[in-house]
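Trainee: I have this structure open and would like to walk through a few spots with you. Can we begin with a side chain and then move on to other places?

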Amino acid sequence: MAVLSNLEPKAVFEYFEKLCAVPHGSGNTKIISDLCVGFAKELGLKWRQDELNNVVIWKDGTPGYESAEPVILQGHTDMVCAKTENCPKDMAKEGLDLRTDGEYVWAEETSLGGDDCIAVAMILAILADDTLPHPPLEAVFTVDEETGMDGAFGLDCSDLKGRQLLNLDSEEEGVFTVSCAGGMRMDCVLPGARKPLAGETGYAVSISGLQGGHSGADIDKGRASANTLAGRVLYSAMEQVPGLRLTGLRGGRFDNVICPAHDAKVAVPAGQEGAFEAFIQELDGVLKNEYAGCDEGVTLTCKRTAVESALSPEDTRRVLRTLLILPQGVQAMNADFPGLVQTSLNLGIMTTEDDGVHFSLSLRSCIATQKEDLARKVRAIVETGGGTAVERSAYPGWQYQRQSAMRQRLMDAYRDLTGRDGRIEATHGGLECGLFIEKLPGLDAVSLGPELRDIHSPREKLGVASTERVYRLVCEFLKRSK
């Protein structure tokens, strides 16, 4: 039985439930892409699917709107697959277990993927509604937005005629985004070979209980990164227990998610076990005090474990010193939009391989030169530590357009429906609008969406009433696009 069958708008939640029934994490989008193609075929609409699994669907304007300027409706089909520590679900193979109390929709023990499948569901519902007056529509469903906007990067836009874009990838109702940060990823390696132990005792060191969150939307909330804390904890422990050797570091799965947990292994010189354990216990209290207001669940523990090899003390010091000084979080605030983060970075993924420590960062800034300077700083720090840093997946920012007839029409519709003025804002998050603006000269764009809480985490929730209001707004905007 459908879990969301009693929710309105009925068609939106019906499509949303069907989309959630198939796995669609980033890099695993073939099934959901084919599902969207199947919907287009059922509706008798023209469609195109590319080798990346992007899908474009066209629908002609309704009577009286045939010659109106086309509108592009856009969202992405991939989601960040996050789950609780004890969740047995294989999100690469299984759909989500949806739940609702009538006020919110969530997924049991996993992220919901409302970012951004609620957009896909809304667009499909619009395409299926033959009673809705609208101009020619171009529905664009991109893939792998969460891991570098690869779908939007690779999308051929030559057959898109619209120069008005509604991107439905925002998470706060009544907020209309008109500018976003550009960004890039950096993949770094600090080399080091493990060697046999010389009588040391192995320890597993765990950092857990952190909230994590989105590295764009939540980076200003003061939440701790477990990867960054690991560098601090182990460097400090090395100072207290000279000769400590690093065996392994592992934390995070996505570079655009603030890392909520980290597991490390170290080798402690014989006779120093008591000092090491006492220091870790003491530092646990220090962290609880420091993060009492934003990450009060932080927990630092250690326990003895079997360890066969570790980096040399010299390589350990070099690696941990580099991680200690690597910046994390907000680097600059925006002067034009009070409260907006202008430049930041996030140490999202860390692993230890045979050749050393690998880690990936997400850098963001609405000022291209600041983004470049931050990348330069990261590269200098890593290279000083004997490592390498390689940039990838750079994407452009989206500059604010002061005059916009499309935006004014949307604002008027919002005011008429709600009696309130919408908020025009910029975001520190990355949106695909910048890429579409780069590919389609003269494109005007606005990003909006319903209420979504705690995206990219198992606490993610979608507001039901908010979804209905935003859907009604998009339909009203289309009616006025004549």
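Mentor: Keeping in mind that this is a predicted model, begin with Lys288 and Asp284, whose side chains are joined by a polar contact of 2.8 Å.

Trainee: Where does Lys288 sit?

Mentor: Lys288 is placed in helix H6, which covers residues 273-290, and leaving aside neighbours within four places in sequence, Lys288 is in contact with Val298 and Thr299.

Trainee: Changing topic, how much space lies in the largest pocket?

Mentor: About 860 Å³ lies in the largest pocket, and of the 40 residues that line this pocket, Glu171, Gly216, Ala217, Thr427 and Gly429 are the closest to its centre.

Trainee: Which strand gives the most to that lining?

Mentor: That is E22, with four residues in the lining of the largest pocket, while strand E8 (175-180), strand E22 (423-427) and strand E24 (452-453) each supply at least two.

Trainee: How does the lining of the largest pocket split by class?

Mentor: The lining of the largest pocket has 15 charged residues, 13 nonpolar and twelve polar.

Trainee: What about the second largest pocket, what volume does it have?

Mentor: The second largest pocket has a volume of about 710 Å³, and its lining is made of 30 residues, with Lys83, Glu85, Arg253, Pro260 and Ala261 lying nearest the centre. Strands E11 (201-208), E13 (245-251), E14 (257-258) and E15 (262-268) are the elements that give two or more residues to this lining, and by class the residues divide into 13 polar, eleven nonpolar and six charged.

Trainee: Now the backbone: which residue is joined to Pro9 by a cis peptide bond?

Mentor: Glu8 is joined to Pro9 in that way, with omega about 5°, and Pro9 is placed in the segment before helix H1 (10-20). Another cis peptide bond joins Asp115 and Asp116, with omega about 20°, and Asp116 lies in helix H3, residues 114-128.

Trainee: What is the phi of Met149 like?

Mentor: Phi of Met149 is near 60°, a positive value in a residue other than glycine, and Met149 lies in the loop between strand E6 (137-142) and helix H4 (150-154). With a relative accessibility of 3%, Met149 counts as buried.

Key: Residues numbered from 1 in each chain as written. Predicted model: local features only at pLDDT ≥ 70, side-chain atom pairs only at ≥ 80, totals over all residues. Heavy atoms only, no water. Contact = heavy atoms within 4.5 Å. Polar contact = N/O pair within 3.5 Å; in protein donor to acceptor, adjacent residues only side chain to side chain. 1 Å grid on protein atoms, 1.4 Å probe; cavity = no way out; pocket = protein on both sides within 12 Å on 5 of 7 lines; lining within 4 Å. Points joined across faces, edges and corners; volume = space filled by probe spheres on them. Nonpolar A, V, L, I, M, F, W, Y, C, P; charged D, E, K, R; others polar. Buried < 20%, exposed > 50% of the residue type's maximum accessible area, 1.4 Å probe, protein only.
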